[in-house]
Amino acid sequence: MSDHPSNASPSMSQNATQAVSPEELEAAAAAQVSTDPLADAQAELVNLKAQNADLADQYLRAQADVQNARRRADDEITKARKFAVESFADSLLPVLDSLEAGLAIPNVTIEQIREGSEATLRQLKSALERNKVAEINPIAGTKFDPHHHQAISVVPAEQEANTVVTVLQKGYLIADRVLRPALVTVTAPK
């Protein structure tokens, strides 16, 4: 046998072809592809169009999610506004029941009216407290606070200026917000 390739048997050339690795085949295919710039550009264009379609789909889904979230938030805000006083109204119903029951009693004495009024007042104060409504009722000698008090008049006194002398009407807070300031008289500057 000679070493000349023309003398090689057909079975030997098949064995040589089978010995090529898959990586070598891919490299050869890539070399053929890279030699054709038009084919490369078309393949890249197809890939970019697919990515663009995927991104457009993701964008539309994200927009729909945002619109759905906004709609749900608007619905929740509407419901919260609509039913915000539900708990407060529920707390006041026993007070209403007590007032109606007191008025339904015939031939009541003044003592009974007073007892019923005091009990109803306790119910009302309890309902207000449960709903975070607190009194603003400063004691005499307290420093005037323009955030919680409203001065109705200024009177001369021996105390330091801008000190509460009397409370003409209680004020109220709801949570930490002033619902109504306390109406007070304060001392005049000396």
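Biologist: Starting with helices: the expected span of a helix is 1.5 Å times one less than its number of residues. How many residues does H4 have, and how far does H4 reach from its first C-alpha to its last?

Modeller: Keep in mind that this is a predicted model. H4 has 19 residues and reaches 27 Å from first C-alpha to last, close to the 27 Å expected at 1.5 Å a residue.

Biologist: Where in H4 is the kink?

Modeller: The kink lies at leucine 92, shortly before proline 94, and amounts to about 30°.

Biologist: What about serine 91, is that residue buried or exposed?

Modeller: Serine 91, which is also in helix H4, counts as buried because its relative accessibility is 9%, and buried means under 20%.

Biologist: Which residues does serine 91 touch, leaving out those up to four places away in sequence?

Modeller: Serine 91 touches Ala127, Arg130 and Asn131.

Biologist: Which residues make the nonpolar surface patch with Ile105?

Modeller: Val108 and Ile113 make the patch together with Ile105, and the patch comes to about 240 Å².

Biologist: Let me zoom out. How many helices and strands does the protein chain have?

Modeller: Five helices and six strands. Along the sequence they follow the pattern α-α-α-α-α-β-β-β-β-β-β.

Biologist: What share of the residues is buried?

Modeller: Buried residues make up 11% of the 190 residues in the protein chain. The accessible surface of the chain is about 15100 Å², and 58% of that surface belongs to carbon and sulfur atoms.

Biologist: And what share of the contacts joins residues at least 24 apart?

Modeller: Counting contacts between residues at least 6 apart in sequence, 59% join residues at least 24 apart.

Biologist: Changing topic, how many salt bridges are in the whole structure?

Modeller: The search finds five. One of them joins aspartate 75 to arginine 71, with 3.9 Å between the closest N and O atoms.

Biologist: How are aspartate 75 and arginine 71 placed in helix H3?

Modeller: They are four residues apart in H3 (residues 37-82), so about one helical turn separates them. Aspartate 75 is partly exposed at 38% relative accessibility, and arginine 71 is partly exposed as well, at 45%.

Biologist: Which residue does lysine 170 pair with?

Modeller: Lysine 170 meets glutamate 135 in a salt bridge of 3.0 Å, N to O. This pair links distant parts of the chain, 35 residues apart: lysine 170 is in the loop between strand S3 (164-169) and strand S4 (171-174), while glutamate 135 is in strand S1 (residues 133-136). Lysine 170 is partly exposed at 29%, and glutamate 135 is partly exposed at 37%.

Biologist: And what about glutamate 160?

Modeller: Glutamate 160 forms a salt bridge with lysine 143, their closest N and O atoms being 3.5 Å apart. This pair, 17 residues apart, also links distant parts of the chain: glutamate 160 is in the loop between strand S2 (149-155) and S3, and lysine 143 is in the loop between S1 and S2.

Biologist: Is glutamate 160 buried or exposed?

Modeller: Glutamate 160 counts as exposed, at 56% relative accessibility, whereas lysine 143 is partly exposed, with a relative accessible area of 45%.

Terms used
Residues are numbered from 1 along each chain as its sequence is written. This is a predicted model: local features need pLDDT of at least 70, side-chain atom pairs count only at pLDDT 80 or more; totals for chains, interfaces and linings use all residues. Side-chain values use heavy atoms; hydrogens and water are left out. Patches are made of residues with over 30% relative accessible area and no salt bridge: like charges are joined within 9 Å, nonpolar side chains (Val, Leu, Ile, Met, Phe, Trp, Tyr) within 5 Å. Accessible areas come from the Shrake-Rupley method with a 1.4 Å probe; for residues, only the protein chains shown count as cover. A salt bridge is a side-chain nitrogen of Lys or Arg within 4 Å of a carboxyl oxygen of Asp or Glu. Helices (H or I, at least four residues) and strands (E, at least two) are DSSP runs, numbered from the N terminus. The bend at a residue is the angle between axes fitted to the seven residues ending there and the seven starting there. Buried means under 20% relative accessible area, exposed over 50%, partly exposed in between (1.4 Å probe, protein chains only). Contact means heavy atoms within 4.5 Å.
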